[in-house]
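Trainee: Could you go through this structure with me, one topic at a time?

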Amino acid sequence: MTAVSGVVEAKLAELGLTLPEVVPPLAAYQPAVRSGVYVYTSGQLPMVEGKLPCTGKVGAEVTPEEAKNLARTCALNALAAVKSVTGDLDRIARVVKVVGFVASAADFTGQPAVINGASELLGSVLGDKGVHARSAVGVAVLPLDAPVEIEIQVELTSA
């Protein structure tokens, strides 16, 4: 685990959360890249200490509530990826966009409620800076048979 520093990480600690280590890439990409005042994360799986807590489709092997919690984990991993290129989460001016992918059973239509796990975490941690535009997309399968994947775009302060 990384050391706590700054207001955002103090808020994480207050919520009983710690910023994980950056999840290493599974293929030929970077966990996050910076372009000007923006940081774009790659899709973040709900990895915990290098492993997926569960696999399968939401609405079949994974309950919507489990998936919502996994989306929270994805958002934490995304914040770790942002910190890896900024050095400081307090540089976040706002979360601009969240895109959430939900590996869904054929009849599952609750993708927005699942992705709320990520959105609610970002709001709890960042306050008004965590309010964002969002897409919640149902897909047939995700890497490693993960139930959820999240990517975020953040704008940085100029300082």
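Trainee: Where is Thr 157 found?
Mentor: Before anything else, keep in mind that this is a predicted model. Thr 157 is found in the segment after β5, and at 28% relative accessibility this residue counts as partly exposed.

Trainee: And how far apart are Thr 157 and Leu 76?
Mentor: In sequence Thr 157 and Leu 76 are separated by 81 residues, while in space their C-alpha atoms are 20 Å apart.

Trainee: Let's switch to salt bridges, then. How many does a search of the whole structure find?
Mentor: The search finds 4 salt bridges, and one of them joins the side chains of Glu 9 and Lys 83, with 2.8 Å from N to O. Glu 9 belongs to helix α1 and Lys 83 to helix α2, so this pair ties together parts that lie 74 residues apart in sequence.

Trainee: Are Glu 9 and Lys 83 buried or exposed?
Mentor: Both Glu 9 and Lys 83 are buried, which means that each has under 20% relative accessible area.

Trainee: OK, which residue does Lys 57 meet in a salt bridge?
Mentor: The side chain of Lys 57 meets that of Asp 145, at 3.4 Å from N to O. Lys 57 sits in the loop between β2 and α2, whereas Asp 145 sits in the loop between β4 and β5, so the two tie together parts that are 88 residues apart in sequence.

Trainee: What about Glu 120 and Lys 68, what do their side chains form?
Mentor: Their side chains meet in a salt bridge too, with 3.2 Å from N to O. Because Glu 120 is in helix α3 (residues 111–126) and Lys 68 is in helix α2, the pair links parts that are 52 residues apart in sequence. Glu 120 counts as partly exposed at 42% relative accessibility, and Lys 68 counts as partly exposed at 22%.

Trainee: New topic: which residues form a nonpolar patch on the surface?
Mentor: The patch is formed by Leu 26, Tyr 29 and Leu 144, which together have about 270 Å² of accessible area. Tyr 29 is placed in the loop between α1 (6–14) and β1 (32–35), and this tyrosine is partly exposed, with a relative accessible area of 31%. Residues in such a patch must have over 30% relative accessible area, so Tyr 29 can be counted in.

Trainee: Last one: what volume does the second largest pocket have?
Mentor: The second largest pocket has a volume of about 160 Å³. Its lining includes Leu 26 and Tyr 29 from the patch, and among the other lining residues are Val 23, Pro 24, Gln 44 and Glu 149.

Trainee: How does that lining divide into nonpolar, polar and charged residues?
Mentor: The lining divides into 8 nonpolar residues, 2 polar ones and 1 charged one.

Terms used: Residues are numbered from 1 along each chain as its sequence is written. This is a predicted model: local features need pLDDT of at least 70, side-chain atom pairs count only at pLDDT 80 or more; totals for chains, interfaces and linings use all residues. Side-chain values use heavy atoms; hydrogens and water are left out. Patches are made of residues with over 30% relative accessible area and no salt bridge: like charges are joined within 9 Å, nonpolar side chains (Val, Leu, Ile, Met, Phe, Trp, Tyr) within 5 Å. Accessible areas come from the Shrake-Rupley method with a 1.4 Å probe; for residues, only the protein chains shown count as cover. Helices (H or I, at least four residues) and strands (E, at least two) are DSSP runs, numbered from the N terminus. Buried means under 20% relative accessible area, exposed over 50%, partly exposed in between (1.4 Å probe, protein chains only). On a 1 Å grid over the protein atoms alone, a cavity is a set of points where a 1.4 Å probe fits but cannot get out, and a pocket is an open set with protein on both sides within 12 Å along at least five of seven lines; lining residues have an atom within 4 Å of a point. Grid points are joined across faces, edges and corners, and a volume is the space filled by probe spheres set on the points. Ala, Val, Leu, Ile, Met, Phe, Trp, Tyr, Cys and Pro count as nonpolar, Asp, Glu, Lys and Arg as charged, and the others, Gly among them, as polar.
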